[in-house]
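Take a look at the model below.

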Amino acid sequence: MSDIPAPVPRRLAFPPNWPMRIGLLVLLLYVVYASTILDITWTRFVAGVSHGGRFLARMFPPDFSPDKLVLLEAGMIESLQIAVLATIFGVALSLPLGLAAARNLSPAPLAWTARTLIALCRSLHPVIVAILFVKAVGFGALAGVLALIVASMGFLSKLIGEAVEEMSMKQMEAVRATGAPFLSVVVMGVMPQVMPRFIGFSAYQLDSNLRNSALVGLVGGGGIGATLFTAFQRFDYDFVLTIVLAIIAIVMVGEIVSGWMRRLFQ
Amino acid sequence: MDAKASFKPVAADGIDRSLVIRHLRKEYRSGLAVLKDVSLTIEGRGMTAIIGPSGTGKSTLVRCINRLVDPTAGEMLFMGQDLAKLRGRALRTARRRIGMVFQEYNLVERLSVIENVLCGRLGYLPVWRAWLRKFPPADIDRAFRLLDAVGLGEFANIRADQLSGGQRQRVGIARALMQDPDLVLADEPTSSLDPKTSVEIMELIARRAGERDIPVIVNIHNVDLARRFADRIVGMSKGEVVFDGPPRALEDSHLMAIYGGEGWLE
């Protein structure tokens, strides 16, 4: 017997992952290629930063003159109304759509129809939907409300459908076993299970609609976005800053309120 | 229990609540029968216990009766109709006369205790009454009386998820009785409970169903409990009935036929 251990081939704890390495190399090459095509160069970046500096300098101090504040107030109130209306109608429409999309509740053809509709609502960004509605119903708050209803339906129905699919079937089965009609099963066996999450999603959607209501205004959907767009066009950069600050403030308040709502209904 | 000596198949009120099962067969996957040609006549009163090993089709049999599971073939005659053929409204009308108690209680966790008991009335009420919680006062009075009867009168307004297992099963029993049933099905009602609570729950089911002279069909793992409370024991093995008789006729040789082996009988 020898004291020297027989030479064992060294085992690799981390064998090289060639597919990953090749993938990263391809990604790097693509980034370089795309930057060249799009003319993204250091010189342009440096020039852009100095433009940005001048732009920022013109924004200070923010314009709080009374005539501007009247515009700001009107725009803000309209945006709030857009957000609240879109959330209320969006929630009301999402509930049936979400239930229809849940595969453990509705028959397959209905579930797939609902899922297709939801996918359609989600496929376009609210701004693009807003442009479509501005073309369809004209400039103003109505187009903004409609665009955000579509966005809310896409988001809420999908999450409600998923919440319903994750609920306890046993609780629902017991209600069904009492001979309850389908809608009573939904009211007493399904809704209590998904309600807290539904309220949480709705609060989050209100928060998100507040932010997006500023966005849809930029393309003609009314509200503070329209005021912001006009200010840009008139080079009133100091007023632009006022509007941006106001939007940040209201979004933060919205976040606090929605967080508080979610905690309340846990 | 002397009731057994004077056992009559029809209840004191003269209504025939007997259930005749003929050639019942259930295949979850084509060709693989869980229930093979089960025929049983269950008298319209008293407790029938179904015993047998796990996976032998006891649960499927009980769930076929109220059609939580659809049988593949066979008939189940109850109060003048074949339960196997019912669908839609007729099925719901039949279901509301069949109370069910579940192994895991299957209460709607986020509803209050009284709301869970009132779920037993959903088959008799329009949806809007459930939605607005506008239950008829007579139903509410009866729900409170039933909660008193199962010893949970002071828990009416707390949420079901705050209760212990034994308390939940009491609520489950109250919900089944709230249906004013002509038949009570109990699917392993004591399997999730400790031995003492199990006895209490079986006593409660036997007593409350006995007062109303309603037949009970109970699936049960525990042979001692079956012996103690049932008027009749049906032993199943591999989807077939292999024993049918009064508790005192059930001997070790039968248990060996039902469960197989003998070491566990020591």
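The text goes through each chain, then the contact between them, then a helix packing.

This is a predicted model.

**Chain A**

Chain A has ten helices and zero strands. Read from the N terminus, its elements go α-α-α-α-α-α-α-α-α-α. Its radius of gyration is 27 Å. The globule rule gives 18 Å for 266 residues, so chain A is more spread out than a compact globule.

**Chain B**

Chain B is built from nine helices and ten strands. Its radius of gyration is 18 Å, which agrees with the value near 18 Å for a compact globule of 266 residues.

The table sets out further values for the two chains.

| Chain B | roughly 55 × 40 × 40 Å | 44% of 266 residues | 69% |

**Where the chains meet**

How many residues of chain A are in contact with chain B? There are 17 residues on chain A, and they touch 23 residues of chain B. On the chain A side, the elements that give two or more residues are helix H7 (169-177) and helix H8 (182-218). H8(A) gives the most, with seven residues. By class, this side of chain A holds nine nonpolar, six polar and two charged residues.

**H8 against H10 in chain A**

H8(A) also packs within its own chain, against helix H10 (residues 237-264) of chain A. The angle is about 175°, and the axes are 8 Å apart. Angles over 145 degrees count as roughly antiparallel. H8(A) and H10(A) are therefore roughly antiparallel to each other.

Which residues make this contact? H8(A) brings A:Ile199, A:Gly200, A:Ala203, A:Tyr204, A:Leu206, A:Asp207, A:Leu210, A:Arg211 and A:Ala214. H10(A) brings A:Ile247, A:Ile250, A:Val251, A:Gly254, A:Glu255, A:Ser258, A:Met261 and A:Arg262. Across both helices, the contact residues divide into ten nonpolar, three polar and four charged.

**In brief**

Definitions and conventions:
Residues numbered from 1 in each chain as written. Chains lettered and ligands numbered in written order. Predicted model: local features only at pLDDT ≥ 70, side-chain atom pairs only at ≥ 80, totals over all residues. Contact = placed C-beta atoms within 7 Å. Helix = DSSP H or I, 4+ residues; strand = E, 2+ residues; numbered from the N terminus. Nonpolar A, V, L, I, M, F, W, Y, C, P; charged D, E, K, R; others polar. Axes fitted to C-alpha atoms, helices over the stretch in contact; angles between N-to-C directions. Parallel < 35°, antiparallel > 145°, perpendicular 65-115°, else oblique. Rg over C-alpha atoms; globule rule 2.2 N^0.38 Å. Buried ≥ 20, exposed ≤ 12 C-beta atoms within 10 Å, placed from the backbone.
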